[in-house]
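Welcome, and please take a moment with the sequence and the model shown below.

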Amino acid sequence: MNNPLHQGSRTDPAPHRTAAENEETPALEARGLGRRFRRNWALRDCDFRLPAGRICALVGPNGAGKTTLLSLAADLLEPTCGRLRVFGDSPKTPASRSRVAFVGQRKPLYPGFTVEEMLRAGRELNPGWDQAKAERLVRQGDISLHAKVGTLSGGQRTRVALALAFGKRPRLLLLDEPMSDLDPLVRHEITAALMSEVAEHGTTVLMSTHLVSEMDHVCDYLVTVTGGRVRLAGEVDVILGAHTLLMGRHQGEGLPSELAPHTVVSTDTTGHQLTALIRPRGPVAGQWAHHEPSLEELLIAYLRAPDIEPLLTPSARTGASEDAA
Amino acid sequence: MTATQAVPAAGIRRGGPHLSGLAWLTWRQHRSAFWTGLLLLAAFAAFVITQRSDMVAYIEAHHLAGCVYQSPESRCEGVNAFRGHFYNLMHYTGLLISFVPLVIGVFLGGPLLSRELENGTYALSRSQSVSRTRWIAFKLGVPALVTLIGTGLLSALYTWWWRPADTLLTGMYWYQSPPFTNVGVVPAALSVLALVTGAAIGMVLRRTVAAMAITCTVSVVGWVGLNLLRPHLWPAREATAHQFTADFYGSPTPLGLYTPHAWPMDLPNKSYSSWNVDSGYLTSSGDHFTSGACGDFTEASADCLKAHDVVGVWAQYHPASHFWPMQWATTAVLLAATTAVTAFSIWWARRRA
Amino acid sequence: MRYRIDRRSGVTAYMQIVQQTKQAMRLGVLVPGSRLPTAREVVATTAINPNTVHKAYRELEHEGLVESRRGAGTFVVRSLSRPETASSSSLSGGLREWLQDAHAAGLDRDDVTALFTALIEEYGASPQAPTPEQEASPSARDIPASGETNDMQHTSTEDAG
């Protein structure tokens, strides 16, 4: 391992902590959450829960409300209606402010500052600041502490922004499109750095993304938003398990009657071959080849079908969404 | 890889004040603007020191202390020559200083918050463990304090330079501008108001360039408004005079100099150090009669005044002793405006931004 | 011990860790008392979710192969290595001879793999359910589909030193 600091002596507090935290307060809980910009609702009727200790992907097309949701959690915006709780508290409270770190899409850093001064800004403004951790994250990226922020590459900026976020020792890390402008090598490097920090502290992560490759093997939780509403929320494997990709022969107009009892997310007919992504409710009648859909197939199907009935796994449901269900 | 606790950034303290928390951040963000301002101030101080010593030496050499313009004393004949030597530099420097609040409002206030909102560092500042109120308080407070100190020193220097000549230079009497808005406590109050106004405009507009342009316009309008308001910020004195009736109608010359505003020459004040706000004729019943209603001082106008039963003149004026009351009154108005704008900014930062 | 996660193999990262750990144990890279890398160390190189590592370790613990000691780490408690799997063993020698024969007979790598897999399917479908002790005998369950196996063995062995 390339990290002598932790070799041998380091233990993993995370398994115990995440297990305990799962039963505790969720990292994030939205109830009837909505935010309007003038006449447009950027986010509406959001009810979901993100259990602590998860690495959650926030997926949706551009303008779906991902940034709005993250900004609400980071207390950069006020909700128009409903409420949002971060570990049980309003994002406005000082406790929440110190528990949450946010990295914006453009990774804003103070222009003209050196990396060292950026870290000092973090130290000056956060009581629980971990200078050693922040510096380590920066040094691992071969970034000089004396480099001017304006001279950094995209990957280096992201790393410094992450160092600022992690130096704060947050319990919830909000990342808005963290990897969108990075090449694959840097993306891997940054993801590895991110995952190491998460492993060490059991940090909950909510990251918006539109790159499925970015989420693969990284995110274990998923929230999708389209048109300002939550469509899917829950564990990735539970959500995948709740869907079946059917392939079979079909002739004639419309959907085969065998599919009627199930929730059909998407269908695609090529010649006589029908491919359907469904949420089965009980056994599926008829001659079909069953496959488990890939995450990518599932997401594309949901992004294309904005009117489909939302699916929230039990851990993602709030009291309100259970009432509705 | 030894992850040491960083030695508190050796490069950062480089000559700067020892600050912490938001104060440090705000200082660091606007460091170059602050240093530029302080350097200019130092240069100005050097300039004023040399100019003033020249001027004071001239006053002493020519025994001009206590003279006023067109003073009857013979030792004061040199006043005109004095003005020729020293007026332009002091006057135009004063005009230049009049732009300082505008420059501070446009170049420091305008971008103060709008730039952070525009380039996204607002989100960065806001996602640290400090409350919105604290953040805005320091973000406005540190530049305001620096502005207060800087412009306070600036006006102190200018006041110190102008004081020995305050009665010697026509066009530079205490109530004129310059120097009124360049001396005493007004410049600092004006600059802080311009700063917070620029910042508030930037916060609302979220665009740096637009904020700077609007701040410039608002500052100019505010400046004009203030100058219109200024004479009324402190109750003016009123004086009347009846003495010159006989001579007056026959020969308008003594008053001709001051038309269309009549001026009671023999009122017990030093006319050149008093600020004539309004004046006119007085009828025998004590009513004010609008000066100028009878036209210029011709035979006809004399008859006209006679016909209207004019027996004297009246004047509303501020004596030189009103200098400090008016300075403080103006400052109070500016301070009230500053408080209102700041309260709005805090409200906006908490609720909206 | 270093894990290598193939993102396109179709095998979940969790399964890949379980398989690679067992492989390392069979080859004697991990012996009883060896400490598995911490989740932090694993994710620092693989960039996968640490929860996946925990899940894999829990699975291995459940199978009785490793033990998590609070505050110390996760340790191997059983041996899966058998002298018979060593490259100097007679079984290995026999297989090597057989491979030479196969090569002489004109079989290429894919033919050999296909033949070997088919025979394992036929032979390994024996009724005993694999218990930890029996894991040592190659059962169909532990052989990933395709030539990935070779790659993984290769990597594991190499990185072990």
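How many residues of chain B are in contact with chain A, and how many of chain A with chain B? In this predicted model, 37 residues of chain B touch 39 residues of chain A.

The size of an interface is often given as the accessible area lost when the parts come together. Here chain B and chain A bury about 3200 Å² between them, and 57% of that area lies on carbon and sulfur atoms. Polar features are found there too: 12 residue pairs are in polar contact between chain B and chain A, with both residues at pLDDT 80 or more. On the chain B side, the elements that give two or more residues are α1 (21-29), α4 (100-119), α5 (121-126) and α12 (323-351). Of these, α1(B) gives the most, with six residues. By residue class, the side of chain B that touches chain A divides into 15 nonpolar, 14 polar and eight charged residues.

Charged pairs deserve a look of their own. The rule finds five salt bridges across the interface of chain B and chain A. One of them joins the side chains of B:Arg132 and A:Glu78, at 3.9 Å from N to O. A salt bridge here requires the nitrogen and oxygen to be within 4 Å, so the pair B:Arg132 and A:Glu78 at 3.9 Å counts as one.

## Two sheets in chain A

Strands of a sheet pair through backbone hydrogen bonds, either parallel or antiparallel. Chain A has an open sheet of seven strands with mixed pairing, in the order β5-β6-β7-β3-β8-β9-β14. At its edges stand β5 (100-103) and β14 (311-312) of chain A, each with a single partner strand, so one side of each has no neighbour in the sheet. Within this sheet, β6(A) runs parallel to β7(A) (residues 204-209), and five bridges join the two. Helix α2 (residues 66-73) of chain A lies across β3 (55-59), β5, β6 and β7 of chain A, at about 150° to β6(A).

Chain A also has an open sheet of four strands in the order β11-β12-β10-β13, with antiparallel pairing. The edge strands are β11 (263-270) and β13 (289-291) of chain A, and each pairs on one side only. On average, neighbouring strands of this sheet are turned by 20° against each other, direction ignored.

## A hairpin in chain C

In chain C, β1(C) and β2(C) form a hairpin with three residues between them. C:Gly71, in the turn, has a positive phi of about 80°.

| Strand pair | Sense | Bridges | Facing residues |
|---|---|---|---|
| β6(A) and β7(A) | parallel | five | A:Leu173 and A:Val205 |
| β10(A) and β12(A) | antiparallel | six | A:Leu245 and A:Leu277 |
| β1(C) and β2(C) | antiparallel | four | C:Ser68 and C:Thr74 |

## Backbone details worth a look

Where in chain B are the cis peptide bonds that involve B:Pro178? One joins B:Ser177 and B:Pro178, with omega about -5°. Another joins B:Pro178 and B:Pro179, with omega about 15°. B:Pro178 is found in the loop between α6 (132-162) and α7 (186-205) of chain B, and B:Pro179 is in the loop between α6 and α7 of chain B as well.

In chain A, A:Glu177 has a positive phi of about 45° although it is not a glycine. A:Glu177 sits in the loop between β6 (172-176) and α7 (184-201) of chain A.

Notes:
Residues numbered from 1 in each chain as written. Chains lettered and ligands numbered in written order. Predicted model: local features only at pLDDT ≥ 70, side-chain atom pairs only at ≥ 80, totals over all residues. Heavy atoms only, no water. Contact = heavy atoms within 4.5 Å. Buried area = accessible area lost by both parts, 1.4 Å probe. Polar contact = N/O pair within 3.5 Å; in protein donor to acceptor, adjacent residues only side chain to side chain. Nonpolar A, V, L, I, M, F, W, Y, C, P; charged D, E, K, R; others polar. Pairing = 2+ DSSP bridges. Axes fitted to C-alpha atoms, helices over the stretch in contact; angles between N-to-C directions.
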